[in-house]
Amino acid sequence: MTELKDCPFCGEAAKEEAHMDEDIWTHNTVKWVRVVCVGCGVSTEDWPESVAKEEVYDVWNRRI
């Protein structure tokens, strides 16, 4: 698994966060993941875990 870089805004550590919610298109329950800074709370968008959990890590680490 890719290691998460520290927050570009406050320098604190980041963590993965997940929650279950309904997909608006299929109405199935989906696990959504995102990366969140534990200091200031800035985060990536929610991504369905099925897309690729590594993808959300890459987005955080590239600062896109």
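Modeller: Let us start with contacts: leaving out residues up to four places away in sequence, E16 touches L4, V33, R34, K53 and Y57. Please keep in mind that this is a predicted model.

Biologist: In which strand is the place of E16, and is E16 buried or partly exposed?

Modeller: E16 is located in strand β1. Burial is judged from relative accessible area, where under 20% means buried and over 50% means exposed. The value for E16 is 27%, so this residue counts as partly exposed.

Biologist: How far apart are E16 and V56 in sequence and in space?

Modeller: They are separated by 40 residues in sequence, while their C-alpha atoms lie 9.1 Å apart. The chain as a whole can be read in this way too: among contacts between residues at least 6 apart in sequence, 34% join residues at least 24 apart.

Biologist: How many helices and strands does the chain have, and what pattern do they follow along the sequence?

Modeller: There are 3 strands and 1 helix, and their order along the sequence is β-β-β-α.

Biologist: How should I read the pairing of strands?

Modeller: Strands of a sheet are paired through backbone hydrogen bonds, in either a parallel or an antiparallel sense. Here 3 strands make an open sheet, ordered β1-β2-β3, with antiparallel pairing. β1 and β3 each have a single partner strand and stand at the edges, so one side of each has no neighbour in the sheet.

Biologist: Over how many bridges do β1 and β2 pair, and over how many do β2 and β3 pair?

Modeller: β1 and β2 are paired over 9 bridges, and β2 and β3 over 2 bridges. D21 stands opposite V30 in β2, and E22 has T29 of β2 as its bridge partner. For the other pairing, V33 has W47 in β3 as its bridge partner.

Biologist: Where does T44 lie, and why is T44 described as buried?

Modeller: T44 is part of the loop between β2 and β3. Its relative accessible area is 11%, and it is therefore counted as buried. Setting aside neighbours within four places in sequence, the contacts of T44 are R34, V35, V56, V59 and W60.

Biologist: What is V35 in contact with?

Modeller: With neighbours within four places in sequence left aside, V35 has contacts with L4, A14, K15, V42, S43, T44, V56, Y57 and W60.

Biologist: Which residues of α1 are buried, and what do they pack against?

Modeller: The buried residues of α1 are V56, Y57, V59, W60 and N61. They pack against β1 (14-22), β2 and β3 (47-48).

Biologist: How may the chain be summarised as a whole?

Modeller: The C-alpha trace spans about 40 × 20 × 20 Å along its principal axes. Of the 64 residues, 27% count as buried. The accessible surface is about 4400 Å², and carbon and sulfur atoms account for 49% of that surface. Finally, the chain has 7 positive and 14 negative charges, whose mean positions are 5 Å apart.

Notes: Residues are numbered from 1 along each chain as its sequence is written. This is a predicted model: local features need pLDDT of at least 70, side-chain atom pairs count only at pLDDT 80 or more; totals for chains, interfaces and linings use all residues. Side-chain values use heavy atoms; hydrogens and water are left out. Contact means heavy atoms within 4.5 Å. Buried means under 20% relative accessible area, exposed over 50%, partly exposed in between (1.4 Å probe, protein chains only). Helices (H or I, at least four residues) and strands (E, at least two) are DSSP runs, numbered from the N terminus. Accessible areas come from the Shrake-Rupley method with a 1.4 Å probe; for residues, only the protein chains shown count as cover. Lys and Arg count as positive and Asp and Glu as negative; His and the chain ends are not counted. The place of a charge is taken as NZ of Lys, CZ of Arg, CG of Asp or CD of Glu. Two strands pair if DSSP finds at least two bridges between them.
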